[in-house]
Amino acid sequence: MESCGINQFLEGKTIFIAGATGYLAKMLYLLHINVVLIEKILRVQPNVKKLYLLIRAPDSNLAKERFNNEVIKTDLFGVLRKKLGANLQALIEDRVFLVAGDIACDNLGINSELKNEMFKEIDIIVNSAAATRFDERYDTAIRTNTLGALNILKFSKQCSKLNMLLHISTAYVCGENDGLILEKPLHYGETLNGGSQLDIEVEQKVVEETLNDLKARNAAEKEVTLAMRVLGIERAKIHGWPNTYTFTKAMGEMLLGHLKEDLQLIILRPTIILSTYKEPFPGWIEGMRTADTFIVAYGKGKQNVIMGDKESIIDVIPADMVVNSIIAAMVAHRNCSSHSTTVYHISSSRRNQLNIGDTIQFSVDYFKKNRWIDERGKPVKLKKVRTLDSMASLHKYMTIYYKPLLKILEWANLILCQLFQKLHTDLERRNNLVIRLAELYKPYVFFKGVFDDTNAEMLLMVTKESNADDTFNFDPTTIQWEKYFKEIHIPGLVKYIF
């Protein structure tokens, strides 16, 4: 790695960002990190040559129209709008190019004429495309997180002037490991439980055979979806991962490392990404993350019970710090001759630890002073938070507080001709949902690992050498967690999510 002025480096560069995997109806949600990245680049270096953005859409014109209406007009671009005024639209027209395609397709589904033009122009590829639902359909997750990464790699190898492929993964490809988790690549075929070697082709065949079997039985789409979700969790646990998301992201990393040949590969593994810390302003967020589910439910008075160990580490990092690390990695590796894979944990647990108990207390303190107003115009009443320290304690809690009511409703339905059937169904569904979500979140609310970020710390030092201010700061030690949650993150949730 060597130092270089970031603004100087970005000038005249063509960057391809692959990150929108869903349909346009969910554009803003799927572009979370990407829109922060695009805004940052345009704000600090408007003389970037081109920003290509892969969108899963019928055509580029529709993608462009929706991008302008649903992304550029959001608060996130307010600072840039104020700075450039009417010139912002002209800058977007000149610099941002929406590319209709699909990461699951060969050559990313991009039309031949545009594809050939991109092959000649692209300097850097950033792949942040992901199906992030923990229990996503296995076929969808493999197609996006695993084979999608392979398709990006194949595309990268056809780019004549490409400098690097920067792949955004997740720190939780480590599974449920504890202790110090190192910044090292995953080896092709390795498992986390010491079992038989993982064969990605076999995983593909399992998906195909299951889908064929379901088709032969004329299974309804709802049944297919459920079967694919169950299959994903089953296959993940066989090889030592807790869920489909982290398992398929891990397989994507393996394919990249195994097949990259002499391509320069940088893997960034962020932990749980929360709202912006400083840029373009504090508190911008879209979509709830793992850590936010309880905060939102508690603030609305809908939940006061949380499962987890108060002393467990919860590793979170603001979105703008992740974006700063992406740009810093681009610059630091611009002239790197090494063909090895470099891994960065963009994390906080090694140098600025936060535990679940802290986040609970910050939430309680915030909502005591800033009560949520309900639909009747009255402040929501908050209950004392109760923490359950195991799945067994959760099942016991549900048995005491939910099962008796379900039983009463069953008897009432028998006597009163199913008068309370809807209420019974809703309550049973809620009961099942709580158990299912607890199983999915369990690996993270009892997490005992600490993410080593030595490589990321070195990257930060190199970045500071040539960029004296904190414009590209991603140092987790600069975050005061209590102030961040009470004054930035929770107010951001209230404004943009509630």
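This is a predicted model: local features need pLDDT of at least 70, side-chain atom pairs count only at pLDDT 80 or more; totals for chains, interfaces and linings use all residues.
Residues are numbered from 1 along each chain as its sequence is written, and side-chain values use heavy atoms, with hydrogens and water left out.

Side chains of opposite charge can pair when their charged atoms come close. With a salt bridge taken as a side-chain nitrogen of Lys or Arg within 4 Å of a carboxyl oxygen of Asp or Glu, the count comes to 30. One of them links Arg 269 to Glu 253, with the closest N and O atoms 2.7 Å apart. Arg 269 sits in strand S7 (residues 265-270) and Glu 253 in helix H11 (residues 244-259), so the pair ties together parts 16 residues apart in sequence; helices (H or I, at least four residues) and strands (E, at least two) are DSSP runs, numbered from the N terminus. Both Arg 269 and Glu 253 are buried, meaning under 20% relative accessible area, as against exposed at over 50% and partly exposed in between (1.4 Å probe, protein chains only).

Arg 351 and Glu 457 also pair up, at 3.8 Å from N to O. Arg 351 comes from the loop between strand S11 (342-346) and helix H14 (356-369), while Glu 457 belongs to helix H18 (residues 454-466), so this contact ties together parts 106 residues apart in sequence. Arg 351 is partly exposed at 23% relative accessibility, and Glu 457 is partly exposed at 27%.

Then there is Arg 376, bridged to Asp 374 at 3.3 Å between the closest N and O atoms. Arg 376 is exposed at 65%, whereas Asp 374 is buried at 16%.
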